[in-house]
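Biologist: I would like to learn how to read the sheets and the chain contacts of a model like this one. Could we go through it feature by feature?

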Amino acid sequence: MHELSLALQIREICERELEKQPESRLTALGVEVGAFSAVEVETLQFCLQIVMSERFDGVRCEVIRQPGTAACSSCGLEFEVTQAPFECPSCGALARGVSGGDSLQVSYIEVESER
Amino acid sequence: MSAERVTVKEKVLSANDQLAAETRARLQAEGVFAVNLISSPGSGKTTLLECTVDLMKPSLRLGVMAGDVQTRNDADRLIRHGIPVEAIETGGGCHLDARQVSRALTTFDLSNTDLLFIENVGNLVCPAGFDLGESVKVVLMSVTEGDDKPVKYPAAFKRAAALVLTKTDLVPHLQFSLERVLEYARSVNPDLAFFSTSSYTGDGLAEWTGWLAGQVAALKRS
């Protein structure tokens, strides 16, 4: 619900990074979004494209989904999870807890310079 | 022309997290245990708080921050129970953030507070993503919301220390499985403490307030 304000904060982070290399032009950025970050990926992608294009013409916005990890309560198998319910792909039992998938960070930017 | 990829790895909410860390350090230094209460709208946060305050006020010094999109209605209800209350109106914001909590904190006498409740905006999605500097997050769900809530909104349940089921007096009128709630909740977070309560009948409130008192005592000992 607050993806637009997240997109604005992402743009600020990019702008701060660019200040370190004022001769460069931003061409792309990558944002890592965890499965349990409480962020709607498609909405963030939509908002990012709008707010980034306002300042950086033609910039490419990549949203990288980071899955979480679950352990099966029955057979103990560890498996990646992105969506509930968290059922074991091997035996079908529910997980006993999920971990990871909390990321919400600007992973990289790509810049071009005349040099 | 040269192109280059620069690794950034900066958290989007780093400004919020920084403020939250400062709040946490302040609360810790003053020996205040802070509970961030998260739930959907209408699950009974304010009513549970009213009952909790009445039960715990004789033995502990309490305070409440009441977050809402609009109105001071919840804060007004809680003030009547004779404890310090600060309303935070977000004016449309879907969650409380560390800046709002940090500002509201200045209105409390922390050296005379043992237990501070932060009633988040009614929303089971966004509040899960924002650290406020609390000691623990506690998630509430009422029995009318359906027993699959923990897997529909896993982020809140994953980060919570406890789950408080509310309005259990209504169970006879519903198709609701307590076993399924627990099974789903523990599939997300096996360490969740669990309380089954009714603010209407008072069922389960002693266990809930007992757990809170234990948390406060543990903090004072540390």
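Biologist: In E1(B), which residue is the bridge partner of A:Glu110?

Modeller: Strands of a sheet pair through backbone hydrogen bonds, either parallel or antiparallel. Here the bridge partner of A:Glu110 in E1(B) is B:Arg5, and eight bridges join strand E6 (residues 104–113) of chain A to E1(B), the two running antiparallel. Two strands are said to pair if DSSP finds at least two bridges between them, while the elements themselves are DSSP runs, helices (H or I) of at least four residues and strands (E) of at least two, numbered from the N terminus. This is a predicted model, in which local features need pLDDT of at least 70 and side-chain atom pairs count only at pLDDT 80 or more, whereas totals for chains, interfaces and linings use all residues. Residues are numbered from 1 along each chain as its sequence is written, and chains are lettered from A and ligands numbered from 1 in the order in which they are written.

Biologist: In what order do the four strands of that open sheet stand?

Modeller: The order is E2(A)-E1(A)-E6(A)-E1(B), with mixed pairing. At the edges are strand E2 (60–66) of chain A and E1 of chain B, each of which pairs on one side only. Within chain A, seven bridges join strand E1 (residues 25–34) to E2(A), and these two run parallel; A:Ala28, for instance, stands opposite A:Arg60 in E2(A).

Biologist: Which helix of chain A lies across E1 and E2?

Modeller: Helix H2 (residues 41–55) does, running at about 155° to E2(A); axes are lines fitted to C-alpha atoms, for helices over the stretch in contact, and angles run from 0 to 180 degrees between N-to-C directions.

Biologist: How many residues of each chain are in contact?

Modeller: Two residues are in contact if their C-beta atoms, placed from the backbone, lie within 7 Å. By that rule, 30 residues of chain B are in contact with 32 residues of chain A. E1(B) gives the most to the side of chain B that touches chain A, with 10 residues.

Biologist: Chain B also has an open sheet of seven strands; what is its order?

Modeller: The order is E4-E3-E5-E2-E6-E7-E8, with parallel pairing. Strand E4 (85–89) and strand E8 (193–196) stand at the edges of this chain B sheet with a single partner strand each, so one side of each is left without a neighbour in the sheet. Inside the sheet, five bridges join strand E6 (residues 136–142) of chain B to strand E7 (residues 162–166) of chain B, which run parallel, and B:Met141 has B:Leu165 as its bridge partner in E7(B).

Biologist: Which residues of H7(B) are buried?

Modeller: A residue is buried if 20 or more other C-beta atoms lie within 10 Å of its own, exposed if 12 or fewer, and partly exposed in between, with C-beta atoms placed from the backbone. In H7(B) the buried residues are B:Val181, B:Tyr184, B:Ala185, B:Arg186, B:Ser187 and B:Val188. What covers them includes strand E5 (95–100) of chain A together with H5, H6 and E7 of chain B.

Biologist: What does B:Val164 touch, not counting residues up to four places away in sequence?

Modeller: B:Val164 touches B:Leu48, B:Val138, B:Leu140, B:Phe195, B:Thr197 and B:Trp208 when those sequence neighbours are left out.
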